[in-house]
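User: I would like to learn how to read a model like this one. Please take me through it feature by feature.

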Amino acid sequence: MKVVVAKTAGFCFGVKRAVDTVYEQAARAEDNEEEKPIYTYGPIIHNEEVVRDLEEKGVRVLNSEEDIGKLSGGTVIIRSHGVSRRVYELLEKQGVNVVDATCPFVKKIHKIVKEESEKGKTIVIVGSGNHPEVEGIRGWCSKEAFVVETPEEAEKLRFPEGTKLCIVSQTTFNYNKFQVLVEIILKKSYDSIVVNTICSATHERQAEARQLASKIDVMLVIGGKHSSNTQKLFEICRKECNNTYYIQTIRDLQEQWLEGRRSVGITAGASTPNHIIEEVHRNVRIKF
Ligand code: F3S
């Protein structure tokens, strides 16, 4: 049986870098008491298994700014979503070591909104207001920033005459939706610049999954039950291949799905660790 694993399955570059950083720091701290304890500001990824594994290695999760206020040493790792300027200041005040694993693509947005808002522009962020990445971006604007996620919210935006806008996007926002919202805002005739800060990783993963699913007999999509990007991948693949199955780990794989099939494709959501993908790959190859 032919088994093909999508090249873009699983972690994107920024998430892989952040997760590797935490494992490296946890290993270093084993021999260096000063670096202990190790914390991440928020769970490093939305994957319970990884967070549990890290917990066993002594990595704890800070959930709020109040938690930072209680620290008396150790190392805090900033995850790929990034944080506001205020969080960096709080960490510095607390005197802890900071290891910054913010994705460089997110860092670039921080720089844009900081510079443009300092020049007097009003920042509009296209994204979900309660997403940590958007909270972080907002926290680099030198004056109030506005977040829009729906056409209704974009319609409602009103600014005093003469306002200059800089419109950016959350990295994982859907490109077509971004275009719709930008068009609504541009119609209002403010002096605006638009910077498309959407990261191509999600789009590339989806495009490759679509292509692969159209060519094989069975498609396996691996990811956490609550992962919305994995659900999206599953829907995309299902449209191309009726025999598409959603599994969290190898334990969910049912042998009858693969019996008599000639080819299997495998992809995985953005927070699926490599070893889970490899385990599924290995098992499918050995058993069928
Ligand atoms: Fe990943 Fe960074 Fe893009 S975290 S989705 S590579 S913005």
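Analyst: We go from the whole chain to single residues. Keep in mind that this is a predicted model.

User: Start with the overall picture. What does the secondary structure of the chain come to?

Analyst: Count the elements, then look at the extent. The secondary structure comes to eleven helices and twelve strands. Along its principal axes, the C-alpha trace spans about 65 × 55 × 20 Å. Of the 288 residues in the chain, 39% are buried. Contacts tell you about sequence range. Among those with a separation of 6 or more, 73% are between residues 24 or more positions apart.

User: Which domains does the domain assignment give?

Analyst: The assignment gives three entries. Domain 1 takes 2-10 + 201-287, domain 2 takes 15-103, and domain 3 takes 105-198.

User: How many bridges join S10 to S12?

Analyst: Five bridges join strand S10 (residues 218-222) to S12, and the two run parallel. For a residue-level view, find Ile 222, which stands opposite Ala 268 in S12.

User: Next, the ligand. How many residues surround the ligand?

Analyst: The shell holds 13 residues. The closest are Cys 12, Gly 14, Cys 103, Phe 105 and Cys 199. Then ask which elements supply them. Helix H1 (13-30), helix H5 (104-118) and H9 each give two or more residues. The largest share, three residues, comes from H1.

User: Which residues does the UniProt annotation "binding site" cover?

Analyst: The unreviewed UniProt entry lists His 46, His 81, His 131, Ser 227, Ser 228, Asn 229 and Ser 271 under that label. His 81 sits in the loop between strand S4 (75-78) and helix H4 (85-94).

User: Why does His 81 count as buried?

Analyst: Count the C-beta atoms around it. His 81 is buried because 26 other C-beta atoms lie within 10 Å, and the cut-off is 20 or more. Leaving out residues up to four places away in sequence, His 81 touches Val 106, Pro 132, Glu 133 and Gly 136.

User: Where does Ser 271 lie?

Analyst: Ser 271 is in the loop between strand S12 (263-268) and helix H11 (274-287). Ser 271 is also buried, with 24 other C-beta atoms within 10 Å. Beyond four places in sequence, the contacts of Ser 271 include His 46 and Ser 227. Both also carry the UniProt "binding site" annotation.

User: One more residue. In which strand is Tyr 39 found?

Analyst: Tyr 39 is in strand S2 (residues 38-41). Tyr 39 is buried, as 23 other C-beta atoms lie within 10 Å. Its contacts beyond four places in sequence are Arg 60, Val 61, Leu 62, Gly 74, Thr 75, Val 76 and Ile 77.

Technical notes: Residues numbered from 1 in each chain as written. Predicted model: local features only at pLDDT ≥ 70, side-chain atom pairs only at ≥ 80, totals over all residues. UniProt positions renumbered as here; feature names shortened; annotations may be inferred. Helix = DSSP H or I, 4+ residues; strand = E, 2+ residues; numbered from the N terminus. Buried ≥ 20, exposed ≤ 12 C-beta atoms within 10 Å, placed from the backbone. Contact = placed C-beta atoms within 7 Å. Domains from an automatic or database assignment. Pairing = 2+ DSSP bridges. Near = placed C-beta within 6 Å.
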